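Hi everyone, thanks for coming. Today I'd like to walk you through one structure, starting with a sheet and ending with some aromatic rings.

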2 protein chains.
Amino acid sequence: MMSAEVNYYNSQNPFLVAVDCIILGFQDNEIKLLVHHRQMEPAKGGLSLMGGFVRENESLNDAAIRVLTSLTGLENIFMEQVGTYGDIDRDPGERVISCVYYALIDVRAQDESLLEKYNASWVNINRSDELIFDHPQMVRDAINILRNKAAMQPIGFNLLPEKFTLTHLQALYEAIYGKSLDKRNFRKRMLGFDFIEKLNEVDKSGSKKGAYYYKFKEDKTHLLNSDYGF
Amino acid sequence: MMSAEVNYYNSQNPFLVAVDCIILGFQDNEIKLLVHHRQMEPAKGGLSLMGGFVRENESLNDAAIRVLTSLTGLENIFMEQVGTYGDIDRDPGERVISCVYYALIDVRAQDESLLEKYNASWVNINRSDELIFDHPQMVRDAINILRNKAAMQPIGFNLLPEKFTLTHLQALYEAIYGKSLDKRNFRKRMLGFDFIEKLNEVDKSGSKKGAYYYKFKEDKTHLLNSDYGF
DNA sequence: TCAAAAGTGTTCGTTTTACACCCATGT
DNA sequence: ACATGGGTGTAAAACGAACACTTTTGA
C-alpha cells in the first residue's frame, strides 16, 4: 500500500517501538488487570502487561487493537493512550520505546480459552507493583486517567455487562475510587446524567427482592458538556 | 554508558521516532504558538511544530527538552506529553512515529536570537490549522489538555513572568478559555487557592492607579487534592 | 476634572453532602 | 417471621453565578 519513494530522514536512528496494553476488568467487586507470564528473555516468566512490537504495516492504534484482540477475542473496545515511555534503560533487554494504552472490557464477554494460550490471568489491580520493568508506573498512570475520566464521562460502563443493576454500578465505582459511596447520592447522580435507562427486567441473583436492570444508552456521549470550570 | 549485550528482539522492525513540541506563550492577551518554517523536505517551508528525531543516547523526555531548549534557550520548563501519533502515513516523507509534548513558557524570558536562527516565530494559536501534517490535531489535543488542567492546577503561571497582576492573570485565563470572566469571581477563586502571594510592589504600566503584583508560591502543588468528584 | 483601570461583597440558585427507614421476597 | 439486599427524600452546607459602585491617579 504505502511505499516511501525516497528516504528523507535516512541519517536518523531507528528504534524498536512496542505497545503495551493495560487491560482492565471488573470481577468480584474488584478492578482486575490482565497480565501474563512473559515468554521471552529478558525477565522470562515475569509478570508483564500484554504487549507487542509495532509492525510496519499498522498504525500505533492498530497495533494496540491487535494486541488486545489477540488476548481477549474482543473487538470495538474502549481504548485510549496512557502515554509513551521512552527511558533508555526501561527495558533491560534492548532499547524499546513503549506506547501504552488502557482498555476497559467486560470480563464475561472475553474468550477464556485465549488466557491459557497466552499464559495470562486476571490479578487484582493492587498487585500491579509486581510487574516487570516500568509496567507498575504505567498502570498507576492508567488508573489515574481512569479515575479522572470516569467521574466526568460514562466510560465505566465498558467494564460491565450490557445489563447491570445500580448496585453493580455502585460497586464498580467504589472499586475504581477505592472508597465507599452513599447509595442515595450515587443513584441520584447516575440517574441525573441520562446515560442509563431502566429495563423492564429484574435481577434476582443478588437479592430476594430483585433489582432492576439498567443499560447504558449508546450515543449520549455527544451530550457531554465541555465545561472546564471557567 | 548503556550497551545491549545481546539483541533480544532483533527480528523486529525499527521505526524513526521524533518528538514534536507545542510551545505555548502568552503575548498581547493571546495564546501564541511557536512555529517554524520547516527546513527539510518534504513540505519544506511549511509551518511546522518544532521537532527533532530522538537520539540513541537520550530518553524521550530528554529529546523533548533538547528541542525546547535549543529553540528558546530556556531550561526547567513545564512540559508534559500530549500523546503519540503513529499513523502510517502521517508524515508523507517516511514513516515517523511522533511523540508530542507541550510546554508553557514565559515569552519574555526566551532568547530571541534563536528565533531567527531557526526561522521561528510566534503565531496566534488559532492559526494552528495552517500547520503541516497532523500538527493541527496535535495542537488541538494540547489545548484541550491545557484547558482541563489549568482549571484544576496552577500551571497557567508558567505562561507569565514571575511577577504579574491579577489583571494579567485574568487576561491569561480568558485567552486560555476563549471567553471573558467575571472579575470579582475570578479574583475570589484565584485567591482562594493559596497558590499566589501578593507582593509589596505595584505595576503602574497598566493603569494610573497601579495594580499590585503577585507571584506564584512555589511548591504548593502538593496541596492539590486528589478529589475526582466521587 | 475626567478618563481608565483597580479593587471590593452580597444575594440567589444550584449542587453536594449527610443521614435512616420501609419494601419485597425467599427461605 | 425474619434476614437480605433494594429502593427512596429531606435538610443543611458549600459552591458558583450574577451583578455595580468606589478608589486612585496621571494627563
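I'll begin with how to read the model, then turn to the sheet and the rings.

This is a predicted model, where local features need pLDDT of at least 70 and side-chain atom pairs count only at pLDDT 80 or more, while totals for chains, interfaces and linings use all residues. Residues are numbered from 1 along each chain as its sequence is written, chains are lettered from A and ligands numbered from 1 in the order in which they are written, and side-chain values use heavy atoms, leaving out hydrogens and water.

Let's look at chain A. Three strands make an open antiparallel sheet in the order S8-S10-S9. Strands here are DSSP runs of E, at least two residues, and helices are runs of H or I, at least four, numbered from the N terminus. Two strands pair if DSSP finds at least two bridges between them. S8(A) and S10(A) are joined in the antiparallel sense by 3 bridges, and A:Thr165 stands opposite A:Tyr213 in S10(A).

Now the rings. Which rings form a cluster through ring pairs? They are A:Tyr173, A:Tyr177, A:Phe186, B:Tyr228 and B:Phe230. Rings of Phe, Tyr and Trp (its six-membered ring) pair if their centres lie within 6.5 Å; planes under 30 degrees apart count as stacked, over 60 as edge-to-face and the rest as tilted. Over all chains, that rule gives 22 aromatic pairs. In one, A:Phe230 and B:Tyr173 have ring centres 5.0 Å apart and planes at 45°, so the pair is tilted. Both residues, A:Phe230 and B:Tyr173, are buried, meaning under 20% relative accessible area with a 1.4 Å probe, protein chains only.

Methods:
Buried means under 20% relative accessible area, exposed over 50%, partly exposed in between (1.4 Å probe, protein chains only).
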